[in-house]
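Subject: Structure handover

Hello,

Here is the structure you asked about. Please open it alongside this message; notes on the interfaces follow below.

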Amino acid sequence: MTVANLSTPRSHSPIPVEEVTEATIRLAGDSGDGMQLAGTQFMQTSAMLGNDISTLPDFPAEIRAPAGTLAGVSGFQIHFSSTEIHTPGDQLNTLVAMNPAALKSNLKDLEPGGILIVNADAFAAGDLHKAGYSVNPLQDDSLKGYRLFAVSITKLNREAVSELKLSTREADRCKNFFALGLVYWLYERSLEPTLKWIQSKFAKNPSVREANARALKAGYNYGDTTEAMPVHYRVSKAAIAPGRYRKITGNEALAIGLVAASKQANLPLVYSTYPITPASDILHQLAELKRYGVRTLQAEDEIAAIGAAIGASFAGALGVTGTSGPGICLKSEAIGLAVMTELPLVIVDVQRGGPSTGLPTKTEQADLLQAMFGRNGECPACILAPCSPSDCFHIAFEAVRLAVGFMTPVFVLSDGYLANGAEPWPIPDPAKLPQIPVRFAQAHVGGNGTSNGNGETVFHPYERDARLVRPWAVPGTPGLEHRIGGLEKEDVTGNVSYDPANHEHMIRTRAQKIANIANDIPELSVVGPAEGDVLVLGWGGTYGSIVTACQRAQRKGLKVAHAHLRYLNPMPRNTGEVLKRYRKVLIPELNGGQLRMLIRATHLIDAIGLNKIQGKPFLVGEIEAKIAEVLKY
Amino acid sequence: MSTLTALHTLSPKELASDQEIRWCPGCGDYSILAQMKKALAGLDIPREKFVFISGIGCSSRFPYYMNTYGFHTIHGRAPAIATGVKLARPDLSVWVITGDGDGLSIGGNHLIHAIRRNMDLKIILFNNEIYGLTKGQYSPTSRIGTRTKSSPLGSIDTPLRPISLALGADATFVARTIDIDIHHLTETLKRAAAHKGTAFVEVYQNCKIFNDGVFEYATDKSVKADHVLPLQHGRPLVFGKDQNKGIRLHGLNPEVVDLGNGIAKDDLLVHDEKADEPSLAYLLSRMVHPEFPECIGVFRAVERPTYEHVLNHQMEETIASRGAGKLEDLFASDETWIVE
């Protein structure tokens with residue numbers, strides 16, 4: 001579908017349309033109210049209308065917490081704009097609250113004077129009690145600072161679908177579409193993409209299909225005809241580079257990136273994992289891709305999951321495992337085995353709030369040091385971190401390139417925010433993707449090996465190239481029979497060795513091999529002045545907030561620059577040099593200061609931290625305020 | 001154009017690696033290693049197709065001594081790693097070498113799941129009822145009362161019975177053999193190799209240092225015929241030096257009976273390794289010395305599609321019906337739009 005085909009429904013009402021550059025809305029309700037679905041539709045439609053978008057789904061860990069309670073509130077935030085944007089927005093311009101609990105837990109994020117649409121039918125005494133309200137907030141003065149629109153959504157929706165003879169329960173399940181229709185009117189969105197989606201989604205259930213379509217239209221028409229709202233808004237198309245787009249979440253991008261990399265490396269992909277929030281969607285995606293040569297294994301536990309991935313890599317496939325922080329704990333010993341045996345392996349960690357079970361559905365960046373050091377012995381691995389949902393594609397691809405190129409485990413540190421957040425993605429041309437070179441060892445090449453008692457040549461699995469990379473010799477290849485394992489290896493031969501000097505040599509060699517990756521990755525680039533007062537150094541999913549805050553600071557003429565690490569181990573070779581060009585280095589992280597600890601330890605720079613550990617991404621304003629503070633130092 | 005060359009027949013010597021063997025003198029592992037080489041040499045499988053994967057423990061050093069592909073992994077995880085090898089390369093002959101601690105304690109979960117999936121793996125569990133490499137603690141198969149450094153007053157855990165466990169996990173091939181019963185061991189390994197699916201073999205293995213003689217009743221030539229019952233498919237369960245004893249079913253329980261005095265072979269249980277239900281095999285796995293003779297041989301050998309076969313079949317079917325996946329389709333697998 002092209003943007004040109006999408007017409008905004010012609011309004012019959014005299015209500016004025018106000019042009020705004022951007023808007024942030026949130027749809028909030030009970031976790032059974034279909035808010036994620038409605039939010040996804042709004043996002044999709046807005047993207048297709050040509051806006052730049054960024055989203056933040058926020059849902060509870062419980063699938064169905066008791067209805068109407070604060071614990072069960074689910075929300076979906078969409079920031080859409082006629083200019084380029086990088087975050088889901090700090091403050092809401094419009095909040096839709098389908099019940100008192102949703103109102104209570106989301107109101108604090110609504111801007112003063114913001115539009116507040118509530119389902120007035122859900123504010124009976126029982127609903128209020130479950131949300132902890134002693135007085136109905138619609139009837140006291142507590143909401144007077146907002147533009148409140150109390151709409152009988154339940155009742156109006158039931159009327160809209162009454163001809164279809166649905167049960168009350170079935171009818172009420174459409175009310176998210178009524179609310180969505182109203183917000184579509186409010187922001188002048190076309191109904192077409194969602195109507196089309198309803199057609200295909202409910203193709204086999206005509207009455208449900210018709211009900212949802214009617215609910216959507218009824219919500220729209222309510223806004224258009226009742227004149228309940230004095231204004232509605234237009235957010236024009238953004239100046240986006242021409243091309244074909246889709247929306248993409250971080251988890252989708254990771255799955256697609258892994259498949260693309262496996263094709264470009266000409267290796268079958270074996271994705272072996274154990275279900276865990278927020279990484280499971282990667283498994284769901286890949287399990288559907290068997291016709292792309294993808295094999296998935298839902299293993300019996302996290303350890304088996306990585307074990308099978310290591311086994312697949314040993315046997316010449318692309319072994320990948322995915323999990324979240326608690327799973328990394330369980331996989332640690334096996335990661336050490338992959339480091340010791342120097343096998344390619346990609347380990348996806350979609351970080352969530354920790355420690356322990358922590359906050360399963362909330363975001364955090366607190367596994368960096370675990371990825372760096374969370375194993376016995378000196379056990380270095382390569383670590384990458386995507387900076388946006390679509391960057392998950394590039395980082396997945398890069399992880400595969402480095403894993404097979406350097407015969408090493410590579411971590412991909414995504415997070416819950418990137419995993420579930422979405423943005424438009426310019427669809428790449430597969431023909432332009434680089435090849436990933438893979439060279440399996442063959443017998444009698446390069447004179448590798450010595451003679452054994454049978455007069456045969458013994459293959460040397462730890463004879464390294466100039467970059468210290470050992471050969472990948474795959475079972476089934478005649479003449480390369482060899483044994484590897486977790487015991488210390490003798491240099492070159494790979495035989496078990498307890499020799500003290502050999503052990504130190506091997507420890508240093510493994511470390512140097514990982515360090516050598518720095519020669520094969522791009523340098524750290526800076527956006528903003530090449531030298532100045534403050535360098536804001538970020539990593540991973542905080543990119544959007546940091547880049548926006550830095551742009552605002554730069555527009556004010558401040559000497560503030562931004563650098564973002566997508567390669568955490570090794571870091572780009574010019575990192576130290578970049579850091580020294582600024583008077584102060586500010587490191588915002590969704591943890592207690594993990595990158596800061598590494599930067600301080602490695603570069604002896606007294607970096608300043610901005611640390612937030614609330615299961616939520618940074619607001620742009622929080623970083624802006626910290627930059628202002630640091631400038632005063 | 002293809003060239004047919006006569007398949008080189010491997011000799012056991014060609015399967016020996018150049019590494020010095022470091023098991024204790026008199027260890028049962030030596031015999032298992034020797035019989036393994038003998039069994040594999042006769043299989044018409046080229047050497048490079050064999051992969052030996054082990055965990056941690058004395059038995060798990062096994063791959064270092066085989067001149068095949070080998071992977072000495074981490075404690076208990078060999079079945080998981082072997083699963084990955086088999087997923088990537090179904091054509092390889094993949095052998096898991098494990099022990100009672102490795103396979104049944106720390107790795108118990110992987111063992112049962114590998115078995116239930118019916119991956120085409122050969123899992124050989126060396127059972128010496130003791131932890132050897134950590135110097136003599138009781139293991140999950142140690143008999144109640146076993147006195148060790150970690151159980152000075154006698155172990156109080158109920159031992160796991162490896163065969164019962166494998167049957168409980170719906171194993172398609174389950175067998176038991178004894179380290180120094182050379183012929184039986186070789187034949188059992190060959191049968192395991194021929195099975196398509198997970199073949200689980202328990203080997204009674206003597207630990208000379210920490211648990212010497214624990215299987216003496218089953219290995220001492222003067223008494224073993226009375227304590228061991230070699231299973232043979234389709235044959236009644238007869239044992240004893242004079243072949244004058246048998247196993248009869250009494251209700252749901254087995255009982256030892258003397259042949260004669262009105263009890264004939266026809267009255268005895270007949271072994272059926274191909275029975276659909278593993279109930280009788282389970283019953284046999286519960287027969288423990290000294291009340292019963294202990295069975296050796298194949299308890300169960302049934303056919304069920306392997307995991308990797310079904311997986312590959314699914315892949316082939318979806319490719320046949322929808323075509324092989326192309327990246328441009330994958331990239332555009334969600335709603336797309338054009339910005340002009």
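**Between chain B and chain A**

Strand β19 of chain A (residues 483-485) pairs with β2(B) in the parallel sense, over three bridges. Within that pairing, A:Arg483 stands opposite B:Gly70 in β2(B). Please keep in mind that this is a predicted model.

The contact between the chains draws 78 residues from chain A and 62 residues from chain B. About 6200 Å² is buried between chain B and chain A, and 60% of that is on carbon and sulfur atoms. On the chain B side, B:Tyr69, B:Phe331 and B:Trp337 supply 16% of the area buried against chain A, more than any other three residues.

As for charged pairs, the rule finds three salt bridges across the interface of chain B and chain A. One salt bridge joins the side chains of B:Arg47 and A:Glu481, at 3.5 Å from N to O. Polar contacts across the interface of chain B and chain A come to 33 residue pairs, with both residues at pLDDT 80 or more.

Several elements of chain B supply at least two residues each to the side that touches chain A: the strands β2 (69-72) and β14 (336-339), and the helices α2 (78-88), α4 (108-117), α10 (307-322) and α11 (327-331). Of these, α10(B) gives the most, with eight residues. By class, this side of chain B has 25 nonpolar, 20 polar and 17 charged residues.

**Inside chain B**

Which residues make up the domains of chain B? The domain assignment gives domain 1 as 2-235 + 271-312 and domain 2 as 236-270. The C-alpha centres of domain 1 and domain 2 of chain B lie 29 Å apart. Their contact takes 17 residues from domain 1 of chain B and 15 residues from domain 2 of chain B.

Domain 1 and domain 2 of chain B bury about 1300 Å² between them, with 73% of it on carbon and sulfur atoms. B:Asp226, B:Leu229 and B:Leu283 are the residues of domain 1 that lose the most area to domain 2 of chain B, together 33% of what that side buries.

The count between domain 1 and domain 2 of chain B is one salt bridge. B:Asp226 also forms a salt bridge with B:Lys245, where the closest N and O atoms are 3.7 Å apart. Four residue pairs are in polar contact between domain 1 and domain 2 of chain B, both residues being at pLDDT 80 or more.

On the side of domain 1 of chain B that touches domain 2, the elements giving two or more residues are α8 (224-227), β9 (228-230) and α9 (279-285) of chain B. The most come from α9(B), with three residues. That side of domain 1 of chain B divides into 10 nonpolar, three polar and four charged residues.

**Inside chain A**

Chain A is assigned four stretches: domain 1 (4-234), domain 2 (247-432), domain 3 (449-512) and domain 4 (532-631). The notes here concern domain 2 and domain 4 of chain A, whose C-alpha centres lie 25 Å apart. In this contact, 28 residues of domain 2 of chain A meet 23 residues of domain 4 of chain A.

The area buried between domain 2 and domain 4 of chain A is about 2100 Å², and carbon and sulfur atoms give 63% of it. A:Gln365, A:Leu368 and A:Cys387 supply 32% of the area that domain 2 of chain A buries against domain 4, more than any other three residues.

How many salt bridges does the rule find across the interface of domain 2 and domain 4 of chain A? The rule finds one. The side chains of A:Asp391 and A:Arg566 meet in a salt bridge, at 2.6 Å from N to O. There are also 13 residue pairs in polar contact between domain 2 and domain 4 of chain A, both residues at pLDDT 80 or more.

The side of domain 2 of chain A that touches domain 4 takes two or more residues from each of α13 (368-373), β14 (382-384), α14 (391-406), β15 (409-415) and α15 (416-420) of chain A. With five residues, α14(A) gives the most to that side. By class, the residues of that side of domain 2 of chain A are 18 nonpolar, four polar and six charged.

Regards

Technical notes
Residues numbered from 1 in each chain as written. Chains lettered and ligands numbered in written order. Predicted model: local features only at pLDDT ≥ 70, side-chain atom pairs only at ≥ 80, totals over all residues. Heavy atoms only, no water. Contact = heavy atoms within 4.5 Å. Buried area = accessible area lost by both parts, 1.4 Å probe. Salt bridge = Lys/Arg side-chain N within 4 Å of Asp/Glu carboxyl O. Polar contact = N/O pair within 3.5 Å; in protein donor to acceptor, adjacent residues only side chain to side chain. Helix = DSSP H or I, 4+ residues; strand = E, 2+ residues; numbered from the N terminus. Nonpolar A, V, L, I, M, F, W, Y, C, P; charged D, E, K, R; others polar. Pairing = 2+ DSSP bridges. Domains from an automatic or database assignment.
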